[in-house]
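Hi,

Here is the structure I said I would pass on. Have a look at it first, and then read my notes below.

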Amino acid sequence: MEEEEERMQNLRSKASELLLRKEYKDSIKAYSEYISLCHNQISNTHKNLDSNNLSKLKKSLCLALCNRAEAHLNLQEFPQALKDCNEASEIENTHFKTLLCKGKILLILDQYRLALDCFKQASLDPNEFENSETLTGYLEKCKKLEFLSRTGAFDISDWVLNKFQGKSPELAEYIGPIEIKKSEISGRGLFVTKNLDCGSLLLVTKAVAVERAIVPESIFQDSKEQAQLDMWKSFIEKIVESAKKCNRTRDLICKLSTGENEDDLEVPDIDLFRPEADDSNFQDKNIDMKKLLNILDVNSLVEELISSKVEGKNSDVHGIGLWLLASLINHSCDPNVRRSHVGDHVMIHASRDIKAGEELTLAYFDVFLLYGSREEKAKNWGFVCKCKRCKIENGVCSKQEMMEFEMFVGKGVDMGGVVYRLEEGMRRWMVRGKGKGYLRASFWKVYSEVYESERLIRKWGSKIPLMESVVDSVVDAVGSDERIVKVLMRGLKRKGNGCNGILEMEKAMKMGRGLYGKIMKKQTLRTILFQLGN
C-alpha cells in the first residue's frame with residue numbers, strides 16, 4: 001500500500017513538473033498513468049478506504065484530470081481536454097481550476113454562452129481572489145463575443161483608423177439569416193431567408209487553417225511558383241492536423257464538394273456549422289488523402305486582406321485558407337456578396353440589396369475581366385459559368401465584333417473613341433437595363449481611363465454617358481468595387497463640395513457599405529472613401 005502511494009506521489013510530481021516545463025505530451029502520459037491508478041483504487045472495494053481518504057483521492061483525481069485537460073488544451077486537443085474537464089466536474093462541480101480550464105476551451109471553440117456560464121460559476125469562489133482580474137478579463141471577453149455572435153454588430157473602426165496597426169480585432173462566429181439549399185448553379189448553395197440591405201453582414205467565420213507567406217511580385221516566376229507550392233504543402237499539413245484532432249472538423253470537411261457528382265450531394269442543416277452543434281451529430285470517420293486534396297482544391301480560398309484593399313498594405317502577403325460554410329457560396333460574374341479577411345476570419349456581406357430566397361454568389365475572379373478572359377478563368381477553376389451576365393455577353397453581338405473592341409483595350413488608342421463606339425454598339429444591339437452595366441463592367445478599364453482624364457472628358461464628354469450614369473449601371477450590375485469608388489471619389493474631388501457633391505457622397509457611402517459592409521462607423525467609412533479618391 002505504501003509503495004503504491006509513493007509511486008502515485010512520484011507520478012503526480014513528475015506530471016506536474018512536465019506540465020510546468022511545457023512538455024505537454026509527456027505530462028499527459030504521466031497524468032494518464034496516475035489517473036488510471038486513482039480509478040483502480042477508487043473502484044477496488046477490497047481497499048476499504050475510509051471516507052476521508054476516499055475524499056482526498058477523489059480531489060487528487062479531479063486536479064489531475066484538470067491538469068491533463070490543460071496539457072491537452074495547450075496541444076489544441078480540445079475534445080480530449082473537454083472530456084477531462086467534464087469528468088473532473090462530475091467529481092467536484094465547483095472546482096475553480098476546472099471551471100476556468102473548461103471556460104477557456106469553450107471560448108476557443110466559440111461556444112460563448114457555455115464558456116460564460118463556466119466563468120460566472122468560477123467567479124463565485126470566494127477563495128480565488130488572486131485570480132479575479134484574470135477571470136474578469138475572460139468574463140468581459142465572453143460577454144462581448146456572445147453579443148457579437150448573437151447580433152452581428154461588429155465594428156472594426158478603431159483598427160481601420162489606426163491604419164491596421166497592431167493585432168487585428170477579436171471577432172466572433174456569426175451566422176446571419178441564411179440557409180443551405182440545393183442550387184441551380186451547382187450542387188448546394190447559401191440562400192438568404194429575408195430581404196437584406198446593401199452592406200448587411202451575413203457570415204463571420206474562422207478558418208480551419210490558414211497558411212501565409214510573403215511572395216514579392218518582383219521575384220522570378222519560377223521562384224514565385226515554388227513559394228506558392230511550399231505554401232500549399234504547408235496548408236495541407238495544417239488541415240490534416242486539424243482533421244485528426246477533431247471529429248467535428250473532419251466530418252464537416254467531408255461534407256464539402258470534391259467537384260464531382262454535385263447534384264447527388266446531401267444538403268446539410270446549417271445548424272451543423274454552428275459552434276454549439278451537438279458532438280453526437282458528427283461521425284468519427286476517416287478521410288482519404290485523395291478525397292481531401294480534391295476538397296481543398298475546390299473549396300480553398302485565397303485571402304483578400306482588407307488592409308490591402310484600403311491602403312495597399314501587405315500586398316506581398318499571400319494567404320490561402322479553408323472556411324467551411326463560406327466555401328458553399330457559388331460563383332457568379334454578377335455577384336451579390338463580397339468577402340473581407342480580418343485575421344483568420346472571413347466576413348461575408350451583401351454588396352447590393354438582396355431579396356429573400358436569393359442565392360448568395362461570390363466572384364471567384366475579377367468581375368472587370370472581359371467575357372473571354374472570364375470564360376478562361378472559369379475553365380481553369382473547372383466549371384462553365386452560366387450566369388445571366390455571361391449569357392447576355394456571349395450573345396449580344398458577333399464574336400468578331402466583340403473581338404474588335406477587345407483589341408483596343410490597353411493598346412494606347414484614344415479610349416474616348418472606344419467608349420463612344422461601344423455605347424453606339426449597345427444602341428445598335430438593343431442592349432437594355434443590366435445588360436449595359438454588364439458590358440460596361442467588362443470594359444471598365446476603358447471607361448475609367450476616360451473618366452479620370454480631363455483631356456478625354458473635354459473631348460468626348462458630350463458624346464458619351466455621364467460618369468455618374470455609368471457608375472450607377474456598373475454597380476447595379478456587379479456590385480461595389482474599389483476601382484469604381486476611386487473613379488467616383490476623384491470625380492467628386494474635381495467637382496468640389498456643391499449640392500451635387502453632397503448627393504454623390506451619399507451614393508459613395510452606399511457603395512462603401514457594399515465594399516466593406518456595415519462593420520465600421522460612418523465617419524470611418526467616409527475617411528476610407530476619401531483615401532480611395534486620393
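**Charged pairs**

Arg338, Asp366, Asp481, Glu482 and Arg483 are joined to one another in a network of salt bridges. By salt bridge I mean a side-chain nitrogen of Lys or Arg within 4 Å of a carboxyl oxygen of Asp or Glu. The structure holds 29 salt bridges.

Before you go further, a word on the source: this is a predicted model, where local features need pLDDT of at least 70 and side-chain atom pairs count only at pLDDT 80 or more, while totals for chains, interfaces and linings use all residues. Residues are numbered from 1 along each chain as its sequence is written, and side-chain values use heavy atoms, with hydrogens and water left out.

In one of them, the side chains of Lys104 and Glu70 meet in a salt bridge at 3.2 Å, N to O. That pair links distant parts of the chain, with Lys104 in helix α5 (residues 96-108) and Glu70 in helix α3 (residues 51-74), 34 residues apart. (Helices, H or I with at least four residues, and strands, E with at least two, are DSSP runs numbered from the N terminus.) Lys104 is buried at 18% relative accessible area, and Glu70 is buried too, at 14%. Here buried means under 20% relative accessible area, exposed over 50%, and partly exposed in between (1.4 Å probe, protein chains only).

Next, Glu266 and Lys255 form a salt bridge through their side chains, at 3.5 Å from N to O. Both Glu266 and Lys255 are in the loop between α10 (247-254) and α11 (289-299), eleven residues apart. Lys255 is buried, with a relative accessible area of 13%.

Then there is Lys459 with Asp414, whose closest N and O atoms are 2.7 Å apart in a salt bridge. Lys459 lies in helix α19 (residues 454-460) and Asp414 in the loop between α15 (399-408) and α16 (415-429), so this pair ties together parts 45 residues apart in sequence. Lys459 is partly exposed at 46% relative accessibility, and Asp414 is partly exposed at 27%.

**A buried Glu without a partner**

Glu359 sits in the loop between β10 (345-350) and β11 (361-362). Glu359 is buried but has no salt bridge, and the nearest side chain of opposite charge, Lys181, is 9.0 Å away. (Lys and Arg count as positive, Asp and Glu as negative; His and the chain ends are not counted.) What does the side chain of Glu359 make a polar contact with? The side chain of Ser183, at 2.8 Å. A polar contact is a pair of N or O atoms within 3.5 Å; within protein, one must be able to donate a hydrogen and the other to accept it, and residues adjacent in sequence count only if both atoms are side-chain atoms.

Cys246 is in no disulfide either, with the nearest cysteine sulfur, that of Cys254, 12 Å away. Cys246 counts as buried at 18% relative accessibility.

Conventions. A disulfide is a pair of cysteine sulfur atoms within 2.5 Å. Lys and Arg count as positive and Asp and Glu as negative; His and the chain ends are not counted.
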